[in-house]
2 protein chains.
Amino acid sequence: MKVSIKDIAEAAGVSHSTVSRALQNSPLVNPQTAAQIHKLAREMGYTPSAIAQSLVTRRTNTIGLVLTFISDPFVDRVVDGIEDLATTAGYSVFLCSSKGDPEREMAVVETFHRRRVDGVIVLSSRVGRLYGERLQELSVPIVLVNNQGEGEYLYSVSVDDEQGARLAVRHLLELGHRRIGYVGSAFRQPSSLRRLAGYQAEVERAGISCDPDLVVVPDTSHDLESGSLGLQRLWAAKVTAVFCYNDRTAIGALLAARERGIKVPDDLSVVGFDDIEPSWYVTPPLTTVRQPRFELGKRAAQMLLDLLADKQVCDEVLPCQLIVRDSTAPPPNR
Amino acid sequence: MKVSIKDIAEAAGVSHSTVSRALQNSPLVNPQTAAQIHKLAREMGYTPSAIAQSLVTRRTNTIGLVLTFISDPFVDRVVDGIEDLATTAGYSVFLCSSKGDPEREMAVVETFHRRRVDGVIVLSSRVGRLYGERLQELSVPIVLVNNQGEGEYLYSVSVDDEQGARLAVRHLLELGHRRIGYVGSAFRQPSSLRRLAGYQAEVERAGISCDPDLVVVPDTSHDLESGSLGLQRLWAAKVTAVFCYNDRTAIGALLAARERGIKVPDDLSVVGFDDIEPSWYVTPPLTTVRQPRFELGKRAAQMLLDLLADKQVCDEVLPCQLIVRDSTAPPPNR
DNA sequence: TCTTATACTGCACACGTGTGCAAAACTAGA
DNA sequence: TCTAGTTTTGCACACGTGTGCAGTATAAGA
């Protein structure tokens, strides 16, 4: 049913080799013949088979994208960015979610290998290790987003967690806060620790000694819940401001605060991280640290394409930006 | 570098045919030989090439997924559902966003054809037509989500827009509202019209004549903005409740209401559609019509797999569910 | 007209896997 | 030991495309 170059060859009275060359605009074929072949190809509705091409060229022009959940509000724009660049460059994207399950993670790797993807981008905030080992064996280049790794085939594009955290904390300090809490994420250790480092650095820089009671890492993978738990613990520790691992955590804190009659920002200031869409329409609109998510995706894709083109690349770290809205204000009663 | 069945054949001292059969667990090969081959395959780190398999089997075990934007909060869970089922069935998903650009839409179709996807799922709320024509030519089965189409290869899984709308409106009527407005979507004509139909049916059923001033379809593709504009127009028309095309529209209305000092739900009730996550943490938490989005995705994928297995299928329509939260209350002053 | 360079074209093989058919090896029965 | 059946294996081709090399046709120069 599908028309192949052989069919065109027959119709044009030439060999399939000539058709193949003509369609690649090779200078080796007679311009008239080439024109005729192009005409026939169009008329017959020919579309080359990427499958067959891949088999011989040993390139699939395909990249594999792993993430935990598509419904994670952080990843959406990153994926948009990746897809955008990949499409433009003639690459297609295989989407696989790991659901945070190590078994599925390995299955994903096998799938990608079977499909012979040219490269892999990992958004899955955990791991990196698991993929790394197996994929490195296979010489498949990998780019990690917001998740540094190490190894010959492991590169990364990340946002500057520490700098972002410092922006947030400095903002609170400038408003006059002295007791600032941090709600981290137990399930995103590395980045949570980097944000914590930024928080601590800035607090110390202001001459405040770090009180361990002000750092809370609730043991749950659900961000909103985590924010709620975090807030309760920190409020008991008498903070006037909390810096949250991400916007959903911050929103969880906001909700818990309202429930307990704590007024934001009058009684308590709250800062998030990410700048997901809801952050500006929750009540009150959330002060947050914006990650350039679309850009993050584009850079990751670009880096992968560069790797595939044998260009030299090095890890990138993108800066964050503070977005001040209404969830932060000077501390009460002083 | 990659190990092929030929390599295994050599190592085992048999022909590649035997290896091929052994790995497929064909009864045609000597159990001992088969065991030996499996052992070698494992040791040598063999992974079959899906590319080569596809070339001969004429199946790629691949489905193409088109949507306008991944960052559309509606699609995330639907995609989760699709991906979940597809993966389980051994299929992989190609992700392409059309960005609502007709040119890109056709490019997507060509990409899918080149890659020889076995089937296509379309989440792109518009169109269906464009894909249809070309893809039908190619005999590629298509499943549309929330977007009916027609044609031999066009099937659909949708939510019952009309029923959902009726649930929403009935709820408002039961609370005592008589002047209920509807904010539609200009860029999602078909479903918006179906929701409008449900709205009208229910209003008329209550013995209220339909006032055209109560139906507004702002000319913008931005939902939040649309909700804001819609609210202004409807408030001027003295409604006591508005039913919005979707949650983001409703949130836009909520924001505009707050800006103008209109209290929700005391002065005005607001109902959305979709039940996206933010709907329950905006202020006030939004009464809305829940779409079974994950299920929608799973059903769509299942339908496509059934089509690929030559099973008989027919369009499906899933019911919605009313979720009552705090944005609705009896009308004021009566 | 003959030679030689040039412009095209086709043959044949490769990529990695699946499979019909014939051949080979083995088994059992007489 | 021979025959007929059964089990197991390999040959050879197919899938659709790319490409080195040899071959043919054409043009140019002497």
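Helices (H or I, at least four residues) and strands (E, at least two) are DSSP runs, numbered from the N terminus. With these terms, Asp274(A) is placed in strand β9 of chain A.

The structure is a predicted model, in which local features need pLDDT of at least 70 and side-chain atom pairs count only at pLDDT 80 or more, while totals for chains, interfaces and linings use all residues. Residues are numbered from 1 along each chain as its sequence is written, and chains are lettered from A and ligands numbered from 1 in the order in which they are written.

**Backbone features**

Asp274(A) has a phi near 125°, a positive value in a residue other than glycine. A residue is buried if 20 or more other C-beta atoms, placed from the backbone, lie within 10 Å of its own, exposed if 12 or fewer do, and partly exposed in between. Asp274(A) counts as buried because it has 25 C-beta neighbours inside 10 Å. Asp310(A), also not a glycine, has a positive phi of about 60°. Asp310(A) is found in the loop between α12 (293-308) and β11 (316-318) of chain A, and its 7 C-beta neighbours inside 10 Å make it exposed.

**A loop residue of chain B**

Gln148(B) lies in the loop between β4 (142-145) and β5 (154-159) of chain B. With 16 C-beta neighbours inside 10 Å, Gln148(B) counts as partly exposed. Two residues are in contact if their C-beta atoms, placed from the backbone, lie within 7 Å. Leaving aside residues up to four places away in sequence, Gln148(B) touches Ser156(B), Ser158(B) and Pro190(B). The C-alpha atoms of Gln148(B) and Asp315(B) are separated by 8.7 Å, although the two residues are 167 residues apart along the chain.

**Helix packing**

Axes are lines fitted to C-alpha atoms, for helices over the stretch in contact, and angles run from 0 to 180 degrees between N-to-C directions. In chain B, helix α8 (residues 161-174) and helix α9 (residues 189-205) pack at an angle of about 40°, with their axes 7 Å apart. That angle makes α8(B) oblique to α9(B); angles under 35 degrees count as roughly parallel, over 145 as roughly antiparallel, 65 to 115 as roughly perpendicular and the rest as oblique. The crossing of α8(B) and α9(B) is right-handed; a crossing is right-handed if the near helix is turned clockwise from the far one by less than a right angle, and left-handed if anticlockwise. The residues of α8(B) in the contact include Val169(B) and Leu173(B), and those of α9(B) include Tyr199(B) and Val203(B). By class, the contact of α8(B) with α9(B) divides into seven nonpolar, four polar and seven charged residues. Here Ala, Val, Leu, Ile, Met, Phe, Trp, Tyr, Cys and Pro count as nonpolar, Asp, Glu, Lys and Arg as charged, and the others, Gly among them, as polar.

In chain A, the axes of α5(A) and α12(A) come within 7 Å and cross at roughly 40°. These two helices, α5(A) and α12(A), are therefore oblique to each other, and α5(A) passes α12(A) in a right-handed crossing. Among the residues that meet are Ile82(A) and Leu85(A) in α5(A) and Phe294(A) and Leu296(A) in α12(A). This contact of α5(A) with α12(A) has nine nonpolar, three polar and six charged residues.

A residue is near a molecule or strand if its C-beta atom, placed from the backbone, lies within 6 Å of it. Around DNA strand C there are 27 residues, of which Val14(A), Ser4(B), Ser17(B), Ser20(B) and Ala52(B) are the closest. Two or more residues of this surface come from each of α2 and α4 of chain A and α1 (5-12), α2 and α4 of chain B. The surface near DNA strand C has eleven nonpolar, 13 polar and three charged residues.

DNA strand D likewise has 27 residues around it, and Ser4(A), Ser17(A), Ser20(A), Ala52(A) and Val14(B) come nearest. At least two residues each are supplied by α1 (5-12), α2 (16-23) and α4 (50-57) of chain A and by α2 (16-23) and α4 (50-57) of chain B. By class, the surface near DNA strand D has eleven nonpolar, 13 polar and three charged residues.
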